[in-house]
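Subject: Structure handover, with notes

Hi there,

Here is the structure I promised to pass on.

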Amino acid sequence: MDDDQSAPIAQEFLKFYYETFEGDRQNLAPLYRPESKLTLEGAPVKASEIIERIASMPALKREIVTFTSQESANRTGVLITVHGHLLADDNARMNFIHVFNLLRDAGGSFFVSNEMYQLVYNA
């Protein structure tokens with residue numbers, strides 16, 4: 001029996017993340033901890049620089065095409081994979097893959113433990 005409850009958690013997280021991303025990105029800071037890791041386009045980003053790097057990303061609209069989520073075996077985390085589009089002013093689209101590994105802190109709230117973001121260039 002599969003009782004994975006990750007989808008509603010992922011959906012709520014992604015709604016908050018991308019809506020906040022399109023506004024004041026500094027409001028994403030509570031989602032990260034000193035041990036959080038980000039890999040952006042293959043380059044690791046120090047935990048202390050995550051919000052600065054996120055804030056410097058282009059202000060393009062992001063559209064989620066699909067997401068997949070999975071609860072960790074010990075139910076302390078949720079892995080989320082997002083496939084989406086960046087939408088430019090001229091309606092051009094570029095694909096991206098965004099992965100989040102959310103863990104619960106001592107208070108039961110989720111934070112971003114690991115994050116990877118990659119643009120997918122058409123060949």
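Which residue lies over the face of Phe-21? That would be Arg-25, at 3.9 Å from the ring centre. The rule for a charge over a ring is that NZ of Lys or CZ of Arg is within 6 Å of the ring centre and within 35 degrees of the ring normal.

Before the rest, a word on how to read this: it is a predicted model, in which local features need pLDDT of at least 70 and side-chain atom pairs count only at pLDDT 80 or more, while totals for chains, interfaces and linings use all residues. Residues are numbered from 1 along each chain as its sequence is written, and side-chain values use heavy atoms, with hydrogens and water left out.

**Aromatic rings**

Phe-21 also belongs to a cluster linked by ring pairs, together with Phe-13, Tyr-17, Tyr-18, Phe-96, Phe-100 and Tyr-117. The structure holds 7 aromatic pairs (rings of Phe, Tyr and Trp, the last by its six-membered ring, with centres within 6.5 Å; planes under 30 degrees apart are stacked, over 60 edge-to-face, the rest tilted). One of them joins Tyr-17 and Tyr-18, with ring centres 5.2 Å apart and planes at 80°, so this pair is edge-to-face. Tyr-17 makes an edge-to-face pair with Phe-100 as well, at 5.0 Å centre to centre and 65° between the planes. (Helices, H or I with at least four residues, and strands, E with at least two, are DSSP runs numbered from the N terminus.)

How accessible are these rings? Tyr-17 is buried at 1% relative accessibility, Tyr-18 is buried at 7%, and Phe-100 is buried at 0%. Here buried means under 20% relative accessible area, exposed over 50%, and partly exposed in between, using a 1.4 Å probe and protein chains only.

**Pocket and cavity**

The largest pocket has a volume of about 170 Å³. Its lining is made up of Ile-9, Glu-12, Phe-13, Phe-16, Leu-31, Leu-102 and Phe-110. Helix H1 (residues 6–21) gives the most to this lining, with 4 residues. By type, the pocket lining has 6 nonpolar residues, no polar ones and 1 charged (nonpolar: Ala, Val, Leu, Ile, Met, Phe, Trp, Tyr, Cys and Pro; charged: Asp, Glu, Lys and Arg; polar: the others, Gly among them).

There is also 1 cavity of 30 Å³ or more, and the largest cavity has a volume of about 40 Å³. H1, strand E1 (32–40) and strand E6 (110–120) are the elements that give two or more residues to the lining of this cavity. The cavity lining divides into 7 nonpolar, 1 polar and 1 charged.

On the terms: on a 1 Å grid over the protein atoms alone, a cavity is a set of points where a 1.4 Å probe fits but cannot get out, and a pocket is an open set with protein on both sides within 12 Å along at least five of seven lines; lining residues have an atom within 4 Å of a point. Points are joined across faces, edges and corners, and a volume is the space filled by probe spheres set on them.

**Salt bridges**

The count comes to 4 salt bridges (a side-chain nitrogen of Lys or Arg within 4 Å of a carboxyl oxygen of Asp or Glu). Among them:

- Glu-19 and Lys-15, with the closest N and O atoms 2.9 Å apart. They are 4 residues apart in helix H1, so about one helical turn separates them, and both are exposed.
- Lys-61 and Glu-22, at 3.4 Å, N to O. The pair links strand E3 (residues 61–71) to the loop between H1 and E1, 39 residues apart. Lys-61 is partly exposed at 46%, and Glu-22 is partly exposed at 42%.
- Asp-105 and Arg-33, at 2.8 Å, N to O. Asp-105 is in the loop between E5 and E6 and Arg-33 is in strand E1, 72 residues apart.

**One backbone detail**

Most residues other than glycine have a negative phi. Glu-41 is not a glycine, yet has a positive phi of about 55°. Look for Glu-41 in the loop between E1 and strand E2 (43–45).

Best wishes
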